[in-house]
Amino acid sequence: MRVTFDIVRDGLSSIQTAATSLSEAQLQVASGKRLRVPSDDPLGTRLAVGEHTSIGAIDSYTRSVDSAASRLAAADGTLTDIIDKLTSAIAATTGARGTTSDPASRLAAAATLGGLRDALARDINTRFDGTALFGGTRVDQTPYVQDPVTGVWTYQGDNAQVQVEVEQGHRVAIATDGSSIFQGSDPDNVLNVLEGLITAVTTNNQAAMATGIADLQRTFDRATQAQSRVGADEVGIADAASRLSGLKLAAETRRSKVEDANMAEAIARMNRADTAYRAALSAVSQAERQSLLDYLR
Amino acid sequence: MSGLLDSLSLAARSLDAQRMGLDVAGQNLANLNTEGYTRRRLELAELAATDRSNAGRGVEVIGVRALRDQYVEGRLRQEQQGTSRDAAIAESLGVVESAFGLPGQSVDAAMTSFFDSFAALAIDATSSEARDGVLVQGQLVASSFNQMSDRLVSAGREADNAVRSGVDELNALSSRIGLLNSKIATATGAEVESLRDQRAVALSSLAELANVTVTSRSDGMVDVSLGQGNPLVMGSTAYPLGITTSSISGMASILSQGTDITAEITGGRIGGLLEVRDQRIPSYITRLDDLAYQMATEVNTRHQAGFDANGAQGLTFFNIPATSAGAAAMIAVNPTVAADSKLVAASSTGAAGDNQTAQAIAGLRDARVLNGGTATPSDLWAELVYRVGADVSTARASHDSRQLVVDQLQRVRDSVSGVSVDEEAAMLMKFQRAYEANARYFGTISSVMDSLMRMVG
C-alpha cells in the first residue's frame, strides 16, 4: 500500500488526541475532581447524586438531633426540678400531719406548699425556645392556667405529643402531654391537689392530707417514669447522633470515591499524558521533516 | 538525411514527453494541500516503427489520468454521514449536560434544601422563620425546575437553528453539484478531472450534512438523493429543500418537493441535530416534567391534608398544570401561600405545635412514592442525569470509533489518490534523467548531422 503522510489527518489529529488527554489530566489534578460533567462517568454521576442526597438527609437529621437533644435536656432538667418539688411537698405535708404538729407549724407548712405550688406551676409551664414542653401539641398555650376567680388550675394543652424524626423511622417526643404526667387517671391535677393540700394542712384535715400525699406520690411516680422516658430518648438520640456521624463519614467516602480524583493516580496520568504529548509533537515533526527530496542531489 | 531528421523528431517528441512528466509531477506537488485533489499520472506509449529502416518513432503522450477509487470514495461518504451525526449529537448534548451541573449543585440540591426546610419547620412548627424558610426554598426549587426547563428548551431551539443553517448549506452544495455536473458533461481533457475533484469535495461535504445516496450516470454526471429517494440533484438540476415552521412547536420541518421529509433525515449533521431536537431533548424535558409534576403533586396532597398556622385547611403549595406536560416550566409556589407564610401547613390536626404534615413533606425526600411507589425524587433526578451523561458518552464513543474507520478509509483513498512527496520526487528525478538522456540523444543526432553537413560542404 502506498503510504502518504497527511499533516492534518495523521499529524494534528494525534497531537490533538494527546493534547486532549493532557488537558483532561491537568484539569483533574488542578480541580481534584474526577467528575466534571455527567458523561465523564454517567453511572458514577448517578451514584454521586444519591450520595449527595443521603448526605443532605443526614445533615437534616443531625440538625433535628441537635434540636431534640436541647429540648430533651430542658425537659429532663425541668422534670428533675418537678420531682424535687414533689418530694419537698410530700415531706412538708407529712411533717404537717400527725398529732405533734401545732397550728404555727401547719401554717408554715401551708406557706411552703404554696411556694412549691407556684414553683411547680412555673416548672410545668416552662417554655423552651418559645414553646411549652408539657402542653402536648398546643405548644403556644400555657399548659396549666389558674382561674382567677375560682382558683382552679385547668389544663390548656391536648393529649398529643410533638415528635421529630431524628433518623429514618426513629422519632422522639419533644413536647409531651402534661396532663398524662400531672394528672394521669387521677380526678384532679397536681396543682389543684396542692391547692387542696394547702387547705387541708391549714385546717388540719388529716384525711385530706393523707389523700393529697397519695395523689402527690402518684404524680411523683408518673414524673419519674416520664423522666425515665426522656432519659431513654436522650440516650437514643445520642446513639442516633453517633450513627448519623458514621453514616455521613461512609457517604462522604463513597461520594469522594466517585467524584474526587485519586491525586497520585491523576498526577501519574498527567505525567504520562505529558510524555505522550511531547512524543506526538516529536513524531509529527520528524515525519514531516523527512522526504526523498532531502537525499536527491 | 530524412532518417536523421526522423531521429531529431523522435528526440523532440521524447523531450516533450519527459517535460510533460516533469509537469505532471509539478502539478501533483503543487496540489499537495489541495482538498480533494486526485493525483495525476502521465500515460506514455511507444510509437512503433513504420518500416524496417528505423527502430521506432519514439514515445507519445496518451494522456494524463486521475487515479480515483470511486468505491472507496462511496464508502467514505457513507461513514462520514454517521461520524458527522454522532459529532453533532455529542456536541449539542455536551452543552446540555453542562447545564445539568454537578451532583449536589443543581435541581437535586434545591429539592434537598426544600425538604430540609420542612424538616426545620417540623422541629418548631410555630416558628415564623422556619415558615419563611419553607417559602424561600419552595420558590428556589420551583425556579430551579423553571431554569432547567428553559435551558433544555433553548438547547432545542439552538439545534433547530443549526438545522435551518444546515439545510441552507445543503441547498448551496446541491446547486453547486448540479452546476459541476453540467460542466463535467460538456468539458473535455484535463479540465474534467479537475471538475470531478471539485464535485467529490462537494459530495463529501453533502454526506457530512445528511444521509445522501450518490448514483453515477453514464454521462459522467451523478444523481444525489436524500433519505428514501427524495431528489436533491438530478443531472444538472438541483432540487432545493424547503423549510416550514410549525405553528405549534415553532420548529422547522424540512420539505422536499412540498413533502415533509424531516423524519427521513437520519444521517449527517442535520440528522444528528434533528435527533437531538426531536428525540433526546424532548425525552429529557418529559422526564424533568414528570419529576416536577410528581414531586409537586405529592407535596400538594400532604399540604392540603394539613392545617396552616391559622388552623385552616392547607391550600395547594405548588401551582402546576393539570398534567405533567410543561410542569417543570410552569411550577411555582401558590402565590396566595407565598404572600403569607402562616398559610404553610405544618399541622395535621390544626394544633399549633403539631408537625405531622411538615414531617410528612420532609419525609418525601427519602420516600419511594414517585413512579408508582418505586422512586424517590432524587432517584428520578439521578436517572435523568445518568441518561444525559450516557447519551453524550455513547455519542462520543460512537463518533470516536467511526472516526477511526473514516481515517482508515481516507488512508486507503490516499494510498490510491493521494500525492506522495517521495513518489513525486522520484518521478522528478526519473523524468529529469530521461530528459537529460533524450537531450544527449538529440545532441548526438545533431552532431552527426553536423558531420554530414561538413562532408557535403
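Since the model is predicted, local features need pLDDT of at least 70 and side-chain atom pairs count only at pLDDT 80 or more, while totals for chains, interfaces and linings use all residues. Residues are numbered from 1 along each chain as its sequence is written, chains are lettered from A and ligands numbered from 1 in the order in which they are written, and side-chain values use heavy atoms, with hydrogens and water left out.

The largest nonpolar core holds 85 residues. A nonpolar core here is a set of buried Ala, Val, Leu, Ile, Met, Phe, Trp, Tyr and Cys residues joined through side-chain atoms within 4.5 Å; buried means under 20% relative accessible area, exposed over 50%, and partly exposed in between, using a 1.4 Å probe and protein chains only. The residues with the most contacts inside this core are F118(B), F145(B), F317(B), F318(B) and W381(B). Helix α4 of chain B, residues 128-186, gives the most to this core, with 15 residues. (Helices, H or I of at least four residues, and strands, E of at least two, are DSSP runs numbered from the N terminus.) Apart from this core lies another one, of 56 residues, including I55(A) and V193(A).

Now for some neighbours, with contact meaning heavy atoms within 4.5 Å. Leaving out residues up to four places away in sequence, F145(B) touches V107(B), M111(B), L288(B), L291(B), A292(B), M295(B), A328(B) and I331(B). S149(B) sits in helix α4 of chain B and, with the sequence neighbours up to four places away again left out, touches L288(B), A328(B) and A329(B). S149(B) counts as buried because its relative accessibility is 4%.

Chain B also has an open sheet of three strands, in the order β7-β8-β9 with antiparallel pairing; two strands pair if DSSP finds at least two bridges between them. The edge strands, each pairing on one side only, are β7 (242-245) and β9 (259-260). Four bridges join β7(B) to β8(B), residues 252-256, and I243(B) has I254(B) as its bridge partner. β7(B) and β8(B) form a hairpin with six residues between them, and G250(B) in the turn has a positive phi of about 80°.

Finally, helix α2 of chain B (residues 70-100) has 31 residues and reaches 45 Å from its first C-alpha to its last, close to the 45 Å expected at 1.5 Å a residue; that expected span is 1.5 Å times one less than the number of residues. After α2(B) comes G101(B), with a positive phi near 70°.
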